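Student: I would like to learn how to read salt bridges in a model. Could you take me through them?

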Amino acid sequence: MFKRFGRFTARRPALVALISGGLMVALALGTLGMKVDYDAFSQLPKDTESARAVKDLQAGFPAGALSPTTVYVRSTDGTPLDPAELEAYAGKLAKVGGVGSVLPAGADGSLALLSPDKSVAQINVVLKDPPYAKSALDLVDGQLRDTAHAEAPAGTTTLLGGVSASYTDIRDANSRDLSVIFPVAGGLIAVILALLLRSLLAPLVLMLAVVLSFFSTTGATVLVFQGAAGHAGVTFSLPIMLYLFVVAIGTDYNILMIARLREEAERGTDPREAADLAIEHGGPSVAAAGLILAGTFSSLMLAGMALLTEMGFSVATGIVISAFVMSIFLVPSVTALLGERAWWPRKLKTKPAAAEEKQLETVG
């Protein structure tokens, strides 16, 4: 089978590159609609007690009652906090769009709970939306936070706490990690490939292929879970885990194929024939490794939790795309099209196709 694949790729490298690359690009377009979900409770099976309790709570109270957002007011000038000012301040917070209510916090029914020395006060704000929802995070990180700071009584400072406020920090940290880890990991892998292949163009081709496989895997996950399954979004930690898995595994498979392609190029083999031989001899190993690893990760889909289900599907899909579409078809076909230019700026020292026979000297 792989012998036929190799021959077809050698005869039609442009067609194979167009089909394999086009398929990956089409899947990658699904990434444009990706939404990130921070709702931990939506990941639980619907029949668990905690999931049913949340559903019952939201039937009679604002969804944010699950975990109110806490506004802390602290005196900065040494003057005790004025309960009347705090009541007026809590009333302003209650009028913010997206806020359901302000819960009584004091034993006397007041909206602010004062510390014994009256230097700190706590106000519990209930949002209309679930505390993990994107709308709740945007509200806490936007209008509610701005109002809390702008309307704070004179001589005080305010801080927002609670689950929603914590997840806004997690969201910021996650966005920062993605912007740092993606280029750093990609750059390190590119450097290693450049040192291994002693080339600049080949590592660039490999990294572009691996990045494309990541986006096509992400797009496939979005199409399945956001589209077919109707999820609000993919789990926030999935992109970075998927990137590390797909890039690492995809690079390994690419190294197996590119090493055989370089070996054939050093022998003086025609680039198209080299692609044929690389697929014929390297394809079975890549395919077997991909099937075993994809099957292992796909078992996570039976866990019953959204995070593990998405992770099992996405990693298994990424491995299949990396092994069968990228490494077996895309990389050999593109390398065949590039020819000797694939190893630029290095000029390969080709070895003779067949070793010359040496004459034996007579001994004695």
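Tutor: We go through the salt bridges of this predicted model.

Student: What is the general idea, and how many salt bridges does the structure hold?

Tutor: Side chains of opposite charge can pair when their charged atoms come close. The structure holds nine salt bridges.

Student: Which residue meets Lys 92 in a salt bridge?

Tutor: Glu 151 does, at 3.2 Å from N to O. The pair links distant parts of the chain, 59 residues apart. Lys 92 sits in helix 4 (residues 83-94), while Glu 151 is in the loop between helix 6 (143-150) and strand 6 (156-161).

Student: Where do Lys 134 and Asp 138 lie?

Tutor: Both are in helix 5 (residues 134-141), four residues apart, or about one turn of the helix. Lys 134 is exposed because its relative accessible area, 53%, is over 50%. Asp 138 is partly exposed at 32%.

Student: Which residues are linked with them in a network?

Tutor: The network of salt bridges joins Lys 134 and Asp 138 with Asp 141, Arg 145 and Arg 171.

Student: What about Arg 267 and Glu 263?

Tutor: Their side chains meet in a salt bridge at 2.8 Å, N to O. Arg 267 is partly exposed at 40% relative accessibility, and Glu 263 is partly exposed at 34%.

Definitions and conventions:
Residues are numbered from 1 along each chain as its sequence is written. This is a predicted model: local features need pLDDT of at least 70, side-chain atom pairs count only at pLDDT 80 or more; totals for chains, interfaces and linings use all residues. Side-chain values use heavy atoms; hydrogens and water are left out. A salt bridge is a side-chain nitrogen of Lys or Arg within 4 Å of a carboxyl oxygen of Asp or Glu. Helices (H or I, at least four residues) and strands (E, at least two) are DSSP runs, numbered from the N terminus. Buried means under 20% relative accessible area, exposed over 50%, partly exposed in between (1.4 Å probe, protein chains only).
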